[in-house]
Amino acid sequence: MPMTMRERPLSPHLSIYKVELPMLLSGLHRITGIALSVGSLLLVAWIESAVYSAEAFATLNRFLGSFIGQLMLFGWTFSLIYHSVSGVRHLLWDTGRLLEVKQIHSSSKIVVAITIVLTLLAWILGGGFPGGAS
Amino acid sequence: MNHRYRNPLSVARGLGSSKDGLGHWWKQRLTSIALVPLVVWFVVSMIALAGQDRAHVLNWLHSPLHGLVFSLFLIISLYHANLGLQKIYEDYVQVRWLQLSSRIATNFAAVLLAFAGVFALLRQVFGG
């Protein structure tokens, strides 16, 4: 390393910005990404138990039917759908579209709306919550 | 890379990008694009399988189409997850040894999970 290292500029800290929807959604993209990474453990456990062991499959299903299990599954469903919808917006941004500040605000609302509708739809069609999973 | 575009002093100082940022960015986009149809397929499939018993799930997984698309989904999503997690460690884990060991552990975990999942899926397609 050279001796003449200068202080390099830092970007301002988060706390100086006004909290707005697009910035919350940006953070949520990462958080749901982490949640999905952890959730992949659950998915692989589900596959393994289905293929290898009736008892393990029954145990896992019982857990998923419990209150905590259902809460986790709902969070997983929400995370997958949010991360995907938000991810599509990222891909659109990468083509240079929708980058005006106004468009970022309006597309943020659209992302939230689509996520809520699709999450509830998936959850209802999958038969979650009332009565619990089988 | 293109040293022609860089000030000789900046090359001498050794600062600035010399890593795999572009490759990482591109792989993340490629996996994202592939995951768009795969996630739709996955969500629809999981809705269809929700509440079904093990025999039904195994029968469903016995279909080569389901097994292979599921394998593809698993491999690409774990690869994508690994890419994202690597960036998160780079951004938030400042302690060098902790960052490095997190990155290595996550790389290994992603490969292990993908291997275990795909092995079980293919076993169900070809055996079961």
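Predicted model: local features only at pLDDT ≥ 70, side-chain atom pairs only at ≥ 80, totals over all residues.
Figure 1. Once neighbours within four places in sequence are left aside, the contacts of Phe129(A) are Gln70(A) and Trp123(A). Val38(A) is 91 residues away from Phe129(A) in sequence, and the C-alpha atoms of the two are 22 Å apart in space.

**Figure 2. The side of chain A that touches chain B.** The contact draws 27 residues from chain A and 28 residues from chain B. On the chain A side, at least two residues come from each of four helices: H1 (21–52), H2 (54–65), H3 (67–94) and H4 (101–126). H1(A) gives the most to this side, namely twelve residues. Sorted by class, the side of chain A that touches chain B holds 16 nonpolar, eight polar and three charged residues.

**Figure 3. Packing of helix H4 against helix H5 in chain B.** Helix H4 of chain B covers residues 64–92, and helix H5 of chain B covers residues 96–126. Two packed helices are described by the angle between their axes and the distance between the axes. For H4(B) and H5(B) the angle is about 175° and the axes are 9 Å apart. The pair H4(B) and H5(B) is therefore roughly antiparallel, since angles over 145 degrees fall in that class. The contact of H4(B) with H5(B) comprises 16 nonpolar, ten polar and two charged residues.

**Figure 4. Chain B as the setting for the helix pair.** Chain B contains five helices and zero strands, and its pattern along the sequence reads α-α-α-α-α. The C-alpha trace of chain B spans about 65 × 30 × 25 Å along its principal axes. Chain B has a radius of gyration of 20 Å, whereas a compact globule of 128 residues would have one near 14 Å. Of the 128 residues in chain B, 19% count as buried. Among the contacts in chain B between residues at least 6 apart in sequence, 76% join residues at least 24 apart.

Key:
Residues numbered from 1 in each chain as written. Chains lettered and ligands numbered in written order. Rg over C-alpha atoms; globule rule 2.2 N^0.38 Å. Buried ≥ 20, exposed ≤ 12 C-beta atoms within 10 Å, placed from the backbone. Contact = placed C-beta atoms within 7 Å. Axes fitted to C-alpha atoms, helices over the stretch in contact; angles between N-to-C directions. Parallel < 35°, antiparallel > 145°, perpendicular 65-115°, else oblique. Nonpolar A, V, L, I, M, F, W, Y, C, P; charged D, E, K, R; others polar.
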